[in-house]
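Take a moment to look over the chain before reading on. Turn it slowly, and try to tell the helices from the strands.

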Amino acid sequence: MTLYLYLIRKFGMNLIKVQLILLGIVLLFDSVDLIQRFKGNASIGEILGLSMVRAPASLSQTFPLVILIASLWTYISLARSSELVVARAAGVSGLKLVMAPIILTAVLGILAFSVMNPIVAATRQREAHILEALGNPIGARVSLSGKDIWLRQAGSNGQMVVEADRSAPDGTALFGVRMFLFDTNGKIESRLEAPVAKLLIGEWLLQDARRWIISDNPTPLPEKFPELRVETNLSSDQLLNSFARPETIPFWDLRGFIQRMEDSGFSGVRHRMFLQTELAKPVVYVAMVLIGCAFSMRPTRFGNIASMILGAILAGFAFYFVLDVAASFGAAKQVPIGVAAWAPPIAAIMLAFTLLLHFEDG
């Protein structure tokens, strides 16, 4: 038990050191990028504040790399000080020596989706508000209220608010539509209703529509149109992407949001894929630890430390690339979502264990 606590403390301290170094790098490069982006339109304080708000999301994405580097650092230092040799001479196998960081990273993986994810979601939402306040307008926004769909879009002639009962899965049509058109001063001009609104290139096509001109008459009578066209700069892809990104929704609210999306007629595959990748984080973190251990637990008398470090980093990046490709296939419905989220990290763990056993047998 004392050995395991020692390994956890040593690995945990290295994890904190690497994370702090990476935090400094992220803040430095992000601040420089924001300075170039805003070109004097934002103060240094606003830029630093925005960098701090954006930091949790960046650190969450790079945390598997932090785990890999901390694992390499820990076990290479143990090998150089001959502590691994002493532990093995005392009858402790290499597999037992990696159990302590495996347990720690599994716990961190659970905390990543249960605690860190809501924090990242809140900071991403805060980032969007800050960018909008600094003059970076956000395009169309879609929100869900019960089973109703609400869409707000700014145009050259003012705002347009659309309410609909449901949507086609590909975002090319809305059903049970009510549109409210506002002028540039925020005053309502007209109201439109139609059972179907098809999204064409540059316009909405409303079928069997009724229109009320409100700006000229407080109690207007409806005008009826077999077809009515309303200008828009929205496309079906933009409509689908204008939903809240999965990263901006707290983990504990994600299932409910997916259900509301699907009740409204939209596909929730992208959000379901994100949910599964969050749940798989403990397995991903464990895979990263094992990759680092597999390349760093050889005695230093064999030399080639630089080759081991390079091999581990390349293996880690290859694993991360496979994760990204698998997630893309899952979001595109090319493979089942569960397979896309869980198969790569499980396969990486099995391969890393195989390599560890190979080195253990000599």
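What follows is a walk through this model, from the overall build to single residues.

Keep in mind that the model is predicted. The protein has 362 residues, and 43% of them count as buried. Its secondary structure comes to 11 helices and eight strands. The protein exposes about 18,800 Å², and carbon and sulfur atoms supply 63% of that area. Now consider contacts between residues at least 6 apart in sequence. Of these, 61% join residues at least 24 apart.

Start with the inside. In soluble globular proteins, nonpolar side chains tend to be buried together. Here the largest nonpolar core holds 41 residues. Which of them touch the most other members? They are Ile 67, Val 98, Leu 290, Met 297 and Phe 319. Several helices give two or more residues to this core, including helix 1 (2–38), helix 2 (44–80), helix 5, helix 10 (305–331) and helix 11 (337–360). Helix 9 gives the most, with 11 residues.

Look at Ile 67 up close. Set aside its neighbours within four places in sequence. Ile 67 is then in contact with Phe 11, Leu 15, Thr 105, Tyr 285, Met 288 and Val 289.

Move to Val 18, in helix 1. Is Val 18 buried or exposed? Val 18 counts as buried because its relative accessible area is 9%, and the cut-off for buried is under 20%. Not counting residues up to four places away in sequence, Val 18 touches Val 66, Ile 69, Ala 70 and Trp 73. Take Ala 70 from that list. Val 18 and Ala 70 are 52 residues apart along the chain, but their C-alpha atoms are separated by 6.6 Å.

Next, the surface. Met 99, Ile 103, Val 107, Leu 111, Val 115 and Ile 119 form a nonpolar patch there. Together they have about 490 Å² of accessible area. Val 107 lies in helix 5 (residues 99–133). Its relative accessible area is 43%, so Val 107 is partly exposed. That value falls between the cut-offs of 20% for buried and 50% for exposed.

Now find the strands. Strand 6 (residues 188–200) and strand 7 (residues 203–213) pair in the antiparallel sense over nine bridges. One of the pairs is Glu 193 with Arg 210, its bridge partner in strand 7. The two strands form a hairpin, with two residues between them. In the turn, Gly 202 has a positive phi of about 80 degrees. Strand 7 also pairs with strand 8 (residues 223–231), in the antiparallel sense, over eight bridges. There, Trp 204 stands opposite Val 230 in strand 8.

Backbone angles deserve a second look. Most residues other than glycine have a negative phi, and most peptide bonds are trans. Asp 208 is not a glycine, yet it has a positive phi of about 55 degrees. Asp 208 lies in strand 7. Asp 208 counts as exposed because its relative accessibility is 55%, above the 50% cut-off. Lys 333 is not a glycine either, and its phi is also positive, at about 65 degrees. Where is Lys 333 found? It sits in the loop between helix 10 and helix 11. At 59% relative accessibility, Lys 333 counts as exposed.

Finish with charge. Side chains of opposite charge can pair when their charged atoms come close. How many salt bridges does a search of the whole structure find? It finds nine. One of them joins Asp 30 and Arg 54, with the closest N and O atoms 2.9 Å apart. This pair links distant parts of the chain: Asp 30 is in helix 1 and Arg 54 in helix 2, 24 residues apart. Both Asp 30 and Arg 54 are buried. Arg 229 forms another salt bridge, with Glu 203, and here the closest N and O atoms are 2.4 Å apart. That pair links strand 8, which holds Arg 229, to strand 7, which holds Glu 203, 26 residues apart. Salt bridges that share partners also join Asp 30, Arg 54 and Glu 127 into one network. Lys 281 and Glu 278 meet in a salt bridge too, at 3.2 Å from N to O. Both of these residues, Lys 281 and Glu 278, are buried.

How values were computed:
Residues numbered from 1 in each chain as written. Predicted model: local features only at pLDDT ≥ 70, side-chain atom pairs only at ≥ 80, totals over all residues. Heavy atoms only, no water. Patch = residues over 30% accessible without salt bridge, like charges linked within 9 Å, V, L, I, M, F, W, Y side chains within 5 Å. Areas by Shrake-Rupley, 256 points an atom, 1.4 Å probe, with all protein chains shown as cover. Salt bridge = Lys/Arg side-chain N within 4 Å of Asp/Glu carboxyl O. Helix = DSSP H or I, 4+ residues; strand = E, 2+ residues; numbered from the N terminus. Buried < 20%, exposed > 50% of the residue type's maximum accessible area, 1.4 Å probe, protein only. Core = buried A, V, L, I, M, F, W, Y, C linked by side-chain atoms within 4.5 Å. Contact = heavy atoms within 4.5 Å. Pairing = 2+ DSSP bridges.
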